[in-house]
Amino acid sequence: MKRKSSKWTCYEVQHSIKEYLTEEMSIEDAAAFVKHVRSCAACREELEEYYAFSSALMQLEALDEGEEKGNFFLNIEKRLEKTELTAIKQRNDHRVRRFVYAVIVLALAAVMGVSMGV
Ligand SMILES: [Zn+2]
């Protein structure tokens, strides 16, 4: 899909979900996609539904084939963060990067807390 600007409409976002999840779009497009999803509840919901659905589908396929495909679909929040990190890396924006690192450290601390049963 060709787009005129980096500001996407809901229509464009909701018709690019598959493209985003299968990493068929450029990092610039992916960053614009995530930016919209972050600020639009309707598209976020659409993305989460699609993600949950395709994630379940992938797991069924993996069971059928006896393969480990679980890593492809982590959770949608991790996926959004991955895009943002990649985009930030490209822009080399140190200020935002520090902030994202802080968020990731907090998220890791939370995950570790959970796995230790705290
Ligand atoms: Zn939207």
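In what order do the elements of the protein chain run from the N terminus on? In this predicted model, they run α-α-α-α-α-α, and the secondary structure accordingly comes to 6 helices and 0 strands. Of the 118 residues in the protein chain, 12% count as buried.

**Confidence**
- The mean pLDDT of the protein chain is 80, and 78% of its residues score at least 70.
- Confidence is highest in helix H1 (residues 10-14), with a mean of 96, and lowest in helix H6 (residues 94-115), where the mean is 73.
- Where pLDDT is low, the predicted coordinates should not be read in detail.

**Contacts along the chain**
- When contacts in the protein chain between residues at least 6 apart in sequence are considered, 50% of them join residues at least 24 apart.

**Helix H3**
- Helix H3 covers residues 27-39, and because its 13 residues should span 18 Å at 1.5 Å a residue, the 18 Å that separates its end C-alpha atoms agrees with that expectation.
- The buried residues of H3 are Asp 29, Ala 30, Ala 32, Phe 33, Val 34, His 36 and Val 37.

- Glu 23 lies in the loop between helix H2 (17-21) and H3, and its phi is near 55 degrees, a positive value in a residue other than glycine.
- Most residues other than glycine have a negative phi.
- Glu 23 is classed as partly exposed because 13 other C-beta atoms lie within 10 Å, a count that falls between the limits of 12 or fewer for exposed and 20 or more for buried.

Technical notes. Residues are numbered from 1 along each chain as its sequence is written. This is a predicted model: local features need pLDDT of at least 70, side-chain atom pairs count only at pLDDT 80 or more; totals for chains, interfaces and linings use all residues. Helices (H or I, at least four residues) and strands (E, at least two) are DSSP runs, numbered from the N terminus. Two residues are in contact if their C-beta atoms, placed from the backbone, lie within 7 Å. pLDDT is the predictor's confidence in each residue, from 0 to 100. The expected span of a helix is 1.5 Å times one less than its number of residues.
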